Amino acid sequence: MTASAPHWIDYSLPLRRPWVTQYGQETRRQGRLCRIGDTAGLVGWGDASPLPALGITPELATRYALECASLDLAARQARVPLYRHLGQARPVSSLEVNCMLGSLADCTAEQVANAYAQGFRCFKLKLGVTSLALELAQLEQLTVGLPGDARWRLDANAAWTLSDARYALHRMRDWPIEGLEEPMAHADANDLACLQESVPFPLAIDESWHLVDADFFSAPCVRRLILKPARLGGLKESVRIAEYARRAGLDCVVTSALESACGLRAAAHLAAAIAPDACHGLATGDWLLDDTGARPRLTDGRLALDSENGPDGTGFTPATAYLSAFSPGLN
């Protein structure tokens, strides 16, 4: 069926609290919804939400939104969930997700206990915001009260020197760490490989994608890749990368870049397509005070892939305020 030209509408969504990293802080998420329809009345949606601090430029976000809208429409035309359209044959109803607690500096034992009571068992914290000594002391104190089946997922955001990274990993070696992203500034493959050999948990590449070159998968320097599809060139490219990673024995974790509900649903279907049994970084919807549509349901630390409107595509339907902003002939 013939698809229409894409139509766009801007959004600006306030955050519940500032999103703080070593790069600064965000208080709003701004972006555009992309809508592509066909002559039968089916519609696909995409989310262009740039975040230059994480390498997601406006140009990349726009291309990603166009691809998502086209793939969402194609999946709806085929009457299948998007994850099936991306190649996953087995049924996937939900995904395990980590609880994003934000900066370690702002995290309290009460927040961890509340998240645990909600069913989360993996807790993500951003490091590299204050001094290393202070952060290690704070993390050690929180670890004392951590339930036995819970784990930390940490992100140093490339804030440490090599010496700092060695020291931090030595201190953390026997702590309940599920994984650590970007442990050093100006990452070098040889240094990362040595750091990875020193700890039993996976180190992960997120921002340092310059290291993932043609030779990377023949001798990976870390055990995990963090996939933000908007930054990597789209859903199809992310699936391709994940296949190379699988052959090399690497974990792949899909994480949100604080997209709206539209982008979050697309990322969740990517996660279901490439790693349905992994724990992904997609429980970020509650950081937004408002949203572009209904978010995926979050129950007992798992993100549901179904929707009130059926299983086709991503299941996204925009909120009335956004839907009505498109011309009547397109609704």
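This is a predicted model: local features need pLDDT of at least 70, side-chain atom pairs count only at pLDDT 80 or more; totals for chains, interfaces and linings use all residues.
Me: How much space lies in the largest pocket, and which residues lie nearest its centre?

Reply: The largest pocket holds about 340 Å³ of space. Its lining has 14 residues, and those nearest the centre are Arg-17, Cys-99, Met-100, Gln-118 and Asp-286. Strand 1 (7-21), strand 4 and helix 3 (109-117) are the elements that each give two or more residues to this lining.

Me: How do I check the length of helix 1?

Reply: Compare an expected span with the distance between the end C-alpha atoms. Helix 1 covers residues 58-78, and at 1.5 Å a residue its 21 residues should span 30 Å; the end C-alpha atoms are 30 Å apart, so the two agree.

Me: Which residues of helix 1 are buried, and what follows the helix?

Reply: The buried residues are Leu-60, Ala-61, Tyr-64, Ala-65, Glu-67, Cys-68, Ala-69, Leu-71, Asp-72, Leu-73, Ala-75 and Arg-76. Among them are the charged residues Glu-67, Asp-72 and Arg-76. After helix 1 comes Arg-79, with a positive phi near 60 degrees.

Me: Why is strand 11 described as largely enclosed?

Reply: Look at burial residue by residue, where buried means under 20% relative accessible area. In strand 11 (residues 279-283), five of the five residues are buried, so the rest of the structure largely encloses the strand.

Me: In which sense do strand 4 and strand 11 pair?

Reply: Strand 4 (residues 94-103) and strand 11 pair in the parallel sense, over three bridges.

Me: Is Cys-279 buried or exposed, and what is it in contact with?

Reply: Cys-279 has 10% relative accessibility and therefore counts as buried. Beyond its neighbours within four places in sequence, Cys-279 is in contact with Glu-96, Val-97, Asn-98, Cys-122, Arg-153 and Val-253. By contrast, Ala-165 lies 114 residues from Cys-279 in sequence and 24 Å from it in space, C-alpha to C-alpha.

Technical notes
Residues are numbered from 1 along each chain as its sequence is written. Side-chain values use heavy atoms; hydrogens and water are left out. Helices (H or I, at least four residues) and strands (E, at least two) are DSSP runs, numbered from the N terminus. The expected span of a helix is 1.5 Å times one less than its number of residues. Buried means under 20% relative accessible area, exposed over 50%, partly exposed in between (1.4 Å probe, protein chains only). Two strands pair if DSSP finds at least two bridges between them. On a 1 Å grid over the protein atoms alone, a cavity is a set of points where a 1.4 Å probe fits but cannot get out, and a pocket is an open set with protein on both sides within 12 Å along at least five of seven lines; lining residues have an atom within 4 Å of a point. Grid points are joined across faces, edges and corners, and a volume is the space filled by probe spheres set on the points. Contact means heavy atoms within 4.5 Å.
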